Amino acid sequence: MRASGILLPISSLPSPYGIGCFSIEAYEFINKIKKAGQKFWQILPLGPIGYGDSPYQSFSTFAGNPYYINLDQLISYGWLTAEECNMIDFGNDVRSIDYGKLYNGRYVLLRKAFERSNIIENEEFLKFQKEEEKWLSDYALYMALKNENNGKAWNEWEEDLKNRDEKAIAKKKEELKEEIYFYEFMQFEFRRQWLALKQYANDNGIKMIGDIPIYVAFDSADVWANKELFQFDEKGYPFAIAGVPPDGFSATGQLWGNPLYKWDYHKKTNYQWWIERLRFCYSMYDVVRIDHFRGFDEYFSVPYGDKTAVNGHWEKGPGIDLFNKIEEAFPGKEIIAEDLGYVTDTVRQLVKDTGYPGMKVLEFAFDSRDSGCASDYLPHNYEKNSVVYTGTHDNETVIGWFNEGLLPEERQKVRNYLCDQETPDEKIHIPMICMAMRSVSKLCIIPMQDYLGLGNEARMNMPSTSGSNWKWRILPNEFSDELIDQIYQITKCYGR
């Protein structure tokens, strides 16, 4: 079945509290994309953000971001007042997120709500604690210990805590009991609100596409509590970290810094940790997009301590063995393979062997260094089992890409392929969206910024940079009735 959807992170929704969240605006967005004829809403990872405010560097692969908790819901419970929420400075730029002000303001309110909730008497909360104990207790303790250590990562703590000495851990669990409850409370409320939103989407015929990073952050409860899963030496430090080699984004490559998996250990356990991770994902999303799929075929290993990724090398990943185990555990569940970048024949074969749809990005199709019409990203070369995007969160917007990112000959190449010499440059997003929609790909996902025809001021992320990413938000009335109708007509025209 041909279908389409929209890419918009939860953080990019409008709300009066500085960042998009599970508020009425999220429910209204579902109503609008339904009216526009869409069947999917794709988001970015939902985890609590760490370094650089990136959703791909989270303190836990299982926890949710407390920023997304709807404060109006807490007001309705009687745990907060509207006056208390309105007194907090969340920033005055409705187009951009101020993460510093969020950090200083949100947790003040969430602590007040926790103190008034009497949550430890809540049967639903107690059930949540029990059901999620495998990850929840480690995560809550980790965050409590981070606070006690002024935000430092686990490798900078006292030796007995860094190495999880049983007596030291038991002592801290007692000392930090209230703080641990606070972090468990936030996860309980996050999950309750998210699942209600997802259910509303599903009831309205919208499937949620979640996004999981291939790696977890070094500064995370996952690594602290499960060092045996990763390539660490006897002193508790990684001997290699993740990255990607030099490419079009960076001349020195990208040094991600994530610990690498000890794949031989995972294999011995029948990939139990990965199975649990996917089990959790399928409780949260309808479809899972796995970021950096190439890393399962071969992963780039950079010596720990290097300042760039130049000295890295490729190592073999688990390959199809992992995905056979995943299929056994979750037969028929949907996965999208993010197979972008430099793709080798072995990666192509792995994607084919899994049966997962890969990704096609139109912005990658018109590089002047590619001769002829052989690019995998040109629509006439697509297979049905694929997902087409104009661009992703890591790309320029279509308008920014066309007007700022292309050489003159590349812009002409785009127009020749579109058979369109007339559309003004500032409207080129419309024929580009139509080209994606009419492709044979079974699913078409368009970033909200491209439907709005915005330039690079609306770009979500520029890889290898920090400080200005993950901030863009849609304005309250920007997703207008006129735009809804335009999207609906395009969707209907191309049978999606």
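Here are some questions and answers about this predicted model.

Q: How many salt bridges does the structure hold?
A: Let's start with the overall tally. To count, a side-chain nitrogen of Lys or Arg has to sit within 4 Å of a carboxyl oxygen of Asp or Glu. By that rule, the number of salt bridges in the structure is 28.

Q: Glu179 and Arg111 meet in a salt bridge, so how far apart in sequence are the parts this pair ties together?
A: The side chains of Glu179 and Arg111 come together with N and O at 2.8 Å. Glu179 belongs to helix 9 (residues 177-203) while Arg111 belongs to helix 4, so the bridge ties together parts whose separation in sequence is 68 residues.

Q: Is Glu179 buried or exposed?
A: Anything under 20% relative accessible area counts as buried, and anything over 50% as exposed. Glu179 comes in at 18%, so Glu179 is buried.

Q: And which class does Arg111 fall into at 29% relative accessibility?
A: Buried needs a value under 20%, exposed needs one over 50%, and partly exposed is in between. Arg111 has 29%, so the class is partly exposed.

Q: Which residue does Arg191 meet in a salt bridge?
A: Arg191 lies in helix 9, and its partner sits in the loop between helix 5 (123-131) and helix 6 (133-148), so the pair ties together parts 59 residues apart in sequence. The N to O distance is 3.3 Å, and the partner is Glu132.

Q: Where do Glu175 and Lys172 both lie?
A: These two form a salt bridge, with their closest N and O atoms 3.1 Å apart. They are three residues apart, about one turn of the helix, and that helix is helix 8.

Q: Which residues are linked with Glu175 in a network of salt bridges?
A: Glu175 itself is partly exposed, with a relative accessible area of 44%. Lys172, at 15% relative accessibility, counts as buried. The network links Glu175 with Lys172, Lys171 and Glu148.

Q: Is Lys162 buried or exposed?
A: Lys162 is found in helix 7 (residues 159-162). Leaving aside neighbours within four places in sequence, Lys162 touches Trp154, Asn155, Trp157, Trp224, Lys227 and Tyr237. With a relative accessible area of 7%, Lys162 is buried.

Q: How far apart in space are Asn92 and Pro16, C-alpha to C-alpha?
A: Asn92 has its place in the loop between helix 3 (82-86) and helix 4 (99-117). Asn92 counts as exposed, at 77% relative accessibility. Along the sequence, Asn92 and Pro16 are 76 residues apart, while in space the C-alpha atoms are separated by 9.8 Å.

Q: What covers the buried residues of helix 13?
A: First, which residues are we talking about? In helix 13 (residues 320-329), the buried ones are Asp321, Leu322, Phe323 and Ile326. Their cover includes helix 11 (263-268), helix 12 (272-284), strand 6 (287-290), strand 9 (334-337) and helix 14 (345-354).

Q: What covers the buried residues of helix 15?
A: Helix 15 (residues 398-405) has Val398, Ile399, Gly400, Trp401 and Phe402 as its buried residues. Their cover includes helix 16 (408-418), helix 17 (429-437) and helix 18 (448-452).

Q: What is the phi of His292?
A: Most residues other than glycine have a negative phi. His292 sits in the loop between strand 6 and strand 7 (298-303), and His292 is buried, with a relative accessible area of 11%. Although His292 is not a glycine, its phi is positive, at about 55°.

Q: What is the phi of Trp470?
A: Trp470 is in the loop between helix 18 and helix 19 (481-493). Trp470 is buried, with a relative accessible area of 5%. Trp470 isn't a glycine, yet its phi is positive, at about 65°.

Notes
Residues are numbered from 1 along each chain as its sequence is written. This is a predicted model: local features need pLDDT of at least 70, side-chain atom pairs count only at pLDDT 80 or more; totals for chains, interfaces and linings use all residues. Side-chain values use heavy atoms; hydrogens and water are left out. Helices (H or I, at least four residues) and strands (E, at least two) are DSSP runs, numbered from the N terminus. Buried means under 20% relative accessible area, exposed over 50%, partly exposed in between (1.4 Å probe, protein chains only). Contact means heavy atoms within 4.5 Å.
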